[in-house]
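Please keep the sequence and the model in view while reading.

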Amino acid sequence: MPDSYDSRTALVVVDVQNDFADPKGSLFVTGGEQVVTAVNAEIEAARRGGATVAYTQDWHPPETPHFVTDGGTWPVHCVRDTWGAELHPDLVMEGPTVRKGTGGEDGYSGFSMQDPESGEVSPTGLHELLAERGAERVVVVGLALDVCVKATALDAVRLGYDTTVVAEASAPVELEDGDGERAIAEMREAGVTVL
């Protein structure tokens, strides 16, 4: 558990969606079901401490260069308005949701999206939301540790937040063995506290 939550802290819950957290999901992350329980414990702690809780949600169009079917890396997942894109039904909801990848972008970070063809980066609105609420510190949990959690944490550090990742409230997808450990090392090198 991170140090106690307070009004200057934001808990960012990354992509706890059916396609990642349910064994029937198209890009199921091993251990995803247990992550939901661990994330809910963090949400409860954040709520008790008066912290902001915000959620991110992949919300892809049916066709996008992000998907392997259109030349990208990933299987089709989290297509808007489908079961797979819905936040997991057991996830406790305590705040606003920011959607990413809505126009076919690579939406790895909760803070920014990148056009897979032009490379142009655009904000998701999460930074503005947290700034309006006075957040100075960010705690990141959710799925997957070595992809969207990592990208969100690295962006949070770049944006000036004191950033913590709770590894027990996350899990790696591990396209290659060791991706989870490499992600933790990369985040720590960038100044992220990984618990």
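In what order do the 6 strands of the open sheet lie? The order is 3-2-1-6-7-8, and the pairing is parallel. The model is a predicted one, in which local features need pLDDT of at least 70 and side-chain atom pairs count only at pLDDT 80 or more, whereas totals for chains, interfaces and linings use all residues. Residues are numbered from 1 along each chain as its sequence is written, and side-chain values use heavy atoms, with hydrogens and water left out.

**The sheet**

Strands (E, at least two residues) and helices (H or I, at least four) are DSSP runs numbered from the N terminus. Two strands pair if DSSP finds at least two bridges between them. In general, strands of a sheet pair through backbone hydrogen bonds, either parallel or antiparallel. Strand 3 (97-100) and strand 8 (193-194) are the edge strands, each pairing on one side only. The table lists the pairing of each edge strand.

Strand 3 has Val98 and Lys100 on its covered face, and Thr97 and Arg99 on its uncovered face.

Helix 2 (residues 32-49) lies across strand 1 (9-14), strand 2 (52-58), strand 6 (137-143) and strand 7. Its direction makes an angle of about 140 degrees with strand 7, where axes are lines fitted to C-alpha atoms, for helices over the stretch in contact, and angles between N-to-C directions run from 0 to 180 degrees.

Asn40 belongs to helix 2. Is Asn40 buried or exposed? Asn40 counts as buried because its relative accessibility is 17%; buried means under 20% relative accessible area, exposed over 50%, and partly exposed in between, with a 1.4 Å probe and protein chains only. Apart from neighbours within four places in sequence, Asn40 is in contact (heavy atoms within 4.5 Å) with Asp90, Leu91 and Val92. A polar atom of the Asn40 side chain lies 2.9 Å from the backbone oxygen of Asp90, and this side chain also reaches the backbone nitrogen of Val92 at 2.8 Å.

**The nonpolar core**

A nonpolar core is a set of buried Ala, Val, Leu, Ile, Met, Phe, Trp, Tyr and Cys residues joined through side-chain atoms within 4.5 Å. The largest one has 56 residues, and those touching the most other members are Leu11, Val13, Val39, Leu130, Val165 and Met187. Helix 4 (residues 145-158) gives the most to this core, with 7 residues.

Methods: Polar contact = N/O pair within 3.5 Å; in protein donor to acceptor, adjacent residues only side chain to side chain.
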